[in-house]
Amino acid sequence: MIKYGDRLNGVNPRLQQVVQLAATLCPIDIYVIEGVRTIERQRELVAAGKSKTMNSRHLNGGAVDLWDGKSWEREKFMPIRRAMLDAADRLKVNITHGADWNRNGVIEGGRDSWDYPHWQIEP
Ligand SMILES: [Zn+2]
């Protein structure tokens with residue numbers, strides 16, 4: 001099940017479809033932390049050191065942050081990761097997990113920055 005699914009409002013419809021399908025495949029609930037961000041909120045996050053870019057994909061609805069609602073330990077994100085990758089594969093949507101910055105050479109947040117809640121749709 002999806003918790004706080006209203007936070008998907010404004011997110012890229014294809015990415016929303018991936019999250020919806022992932023929630024049916026995932027053995028645990030998926031909590032939506034954040035979808036679309038305003039420029040003001042992004043400025044606050046950068047100022048607070050919680051984001052490293054003003055080019056965040058959250059600004060245009062191309063990204064969503066997900067977690068299990070309980071733990072920030074990396075391994076706790078794995079059931080959601082498996083479900084998201086499976087759902088994206090089934091729907092033929094090209095997405096990147098924030099855990100794969102290094103592998104994919106994606107530079108949002110910097111190459112050394114891993115962001116386990118973060119998912120973004122690729123053009
Ligand atoms: Zn994010």
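## Lys92 and the end of helix 3

Lys92 lies in the loop between helix 3 and strand 4 (95-97), and in this predicted model Lys92 counts as exposed, at 70% relative accessibility. The phi of Lys92 is near 60°, a positive value in a residue other than glycine, and Lys92 is the residue that follows helix 3.

Helix 3 itself covers residues 78-91, and its 14 residues reach 20 Å from the first C-alpha to the last, close to the 20 Å expected at 1.5 Å a residue. In contrast to the exposed Lys92, helix 3 has a set of buried residues, namely Pro79, Ile80, Arg81, Ala83, Met84, Ala87 and Ala88.

## Confidence of the model

The mean pLDDT of the protein chain is 90, with 89% of its residues at 70 or more. Among the elements, helix 1 (residues 13-25) has the highest mean pLDDT, 98, while helix 4 (residues 101-104) has the lowest, 54. Over residues 103-111 the pLDDT stays under 50, and for this stretch the model has 19 contacts beyond four places in sequence.

Strand 3 (residues 63-67) is largely enclosed by the rest of the structure, because 5 of its 5 residues are buried. Both of its faces are covered, with Ala63, Asp65 and Trp67 buried on one side and Val64 and Leu66 buried on the other.

Strand 3 pairs in the antiparallel sense with strand 2 (residues 30-34) over 3 bridges, and also in the antiparallel sense with strand 5 (residues 118-121), again over 3 bridges. Asp65 takes part in both pairings, as the bridge partner of Glu34 and as the residue opposite His118 in strand 5.

## The zinc site

Which residues coordinate the zinc ion? The donors are His58 through NE2, Asp65 through OD and His118 through ND1, at 1.9 to 2.0 Å, and in sequence these residues are spaced H-x6-D-x52-H. His58 lies in the loop between helix 2 (39-47) and strand 3, whereas His118 lies in strand 5, so the pair ties together parts that are 60 residues apart in sequence. Both histidines, His58 and His118, are buried.

## The nonpolar core

The largest nonpolar core has 22 residues, of which Val18, Val19, Ile30, Val64, Leu66, Met84 and Ile95 touch the most other members. Helix 1, strand 2, strand 3, helix 3 and strand 5 are the elements that give two or more residues to this core.

Leaving aside residues up to four places away in sequence, Val64 touches Leu8, Leu15, Val19, Val32, Glu34, Gly35, His58, Pro117, His118 and Trp119.

Leu8 is buried, with a relative accessible area of 1%, and, not counting residues up to four places away in sequence, Leu8 touches Ile2, Gln16, Val19, Gln20, Val32 and Val64. The C-alpha atoms of Leu8 and Val36 are separated by 7.6 Å, although these residues are 28 apart along the chain.

Tyr4 is found in the loop between strand 1 and helix 1 as well, but Tyr4 is partly exposed, with a relative accessible area of 46%. Tyr4 is not a glycine, yet its phi is positive, at about 60°.

Methods: Residues numbered from 1 in each chain as written. Predicted model: local features only at pLDDT ≥ 70, side-chain atom pairs only at ≥ 80, totals over all residues. Heavy atoms only, no water. pLDDT = per-residue confidence, 0-100. Helix = DSSP H or I, 4+ residues; strand = E, 2+ residues; numbered from the N terminus. Contact = heavy atoms within 4.5 Å. Buried < 20%, exposed > 50% of the residue type's maximum accessible area, 1.4 Å probe, protein only. Pairing = 2+ DSSP bridges. Donors = N, O, S within 2.8 Å, 3.2 Å for Na, K, Ca; no water. Expected span 1.5 Å × (residues − 1). Core = buried A, V, L, I, M, F, W, Y, C linked by side-chain atoms within 4.5 Å.
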